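Biologist: Could you take me through the charged side-chain pairs in this model, one at a time, with the reasoning spelled out?

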Amino acid sequence: MMRTRSLLLSGIVATAMTLVSCECKAPEATVADNSEVILENIMTRTSIRAYEKDKPIEQEKVEKMLRAGMAAPTAVNKQPWHFVVLNERSTIDSLAAVNPNKEKMEQSPLVIVVCGDMTKAMEGDARQFWIQDTSAATENILLAAHAMGLGAVWTALYPNQERVKDAARVLDLPDQIVPLCAVVIGYPAESPEPKDKWQESNVSYNKFGQAK
């Protein structure tokens, strides 16, 4: 099923590129089919915490996840992010040793640490928009991983200062690079059911507490 979804999403990208090149409009049926595949990818994504440790992730897939991350929306197009890719066992284990998510990381062949680059952040109160921007990038990485048959889990670093300092020390991060989170990634060794998080009570229309 995961492979099928990945192939379908690849087909969507190829179709979109073709449509752009020939300046033609996609048939309504194709648009509807594509939207269902994309929505299914979103709704079926779930956190994976167990991986096939000895199965590395292809560099092509790593780059696709990074490209997905950098395609995220960002305030004033500042793109205040930097991604540190951990694909060496020794580096992953070093980060795991100072992180409460040690067990997950020790199994994983890949960790992407999503960071904020303060030299690219906005000024004043808007400076904190880097958190939203890098969070959007993180979600894109998680969705891309799921689409390609990988499992991933978002593990928080910022704003826990102890975790931030430990990660910065292990990864030799300069002061202007702040680690937001570590995305732990691998081929799944478990198949948990996605949670249905829909709660109509969490939605208001036009004013707080107002029903549709």
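Modeller: This is a predicted model, and I will begin with the pair R67 and E63, whose side chains meet in a salt bridge with an N to O distance of 3.0 Å.

Biologist: In which helix do R67 and E63 both lie?

Modeller: The two residues are four apart, about one turn of the helix that holds them both. That helix covers residues 59-70 and is helix α3.

Biologist: How far apart are the N and O atoms in the salt bridge of K102 and E106?

Modeller: Both residues lie in helix α5, residues 102-107, and are four residues apart. K102 is partly exposed at 40%, and E106 is partly exposed at 31%. A salt bridge requires the nitrogen to be within 4 Å of the carboxyl oxygen, and for the side chains of K102 and E106 the N to O distance is 3.9 Å.

Biologist: R169 forms a salt bridge with D166; is D166 buried or exposed?

Modeller: The pair lies in helix α7, three residues apart, with the closest N and O atoms 3.5 Å from each other. R169 counts as exposed at 52% relative accessibility. Buried means under 20%, and because D166 has a relative accessibility of 17%, D166 counts as buried.

Key: Residues are numbered from 1 along each chain as its sequence is written. This is a predicted model: local features need pLDDT of at least 70, side-chain atom pairs count only at pLDDT 80 or more; totals for chains, interfaces and linings use all residues. Side-chain values use heavy atoms; hydrogens and water are left out. Buried means under 20% relative accessible area, exposed over 50%, partly exposed in between (1.4 Å probe, protein chains only).
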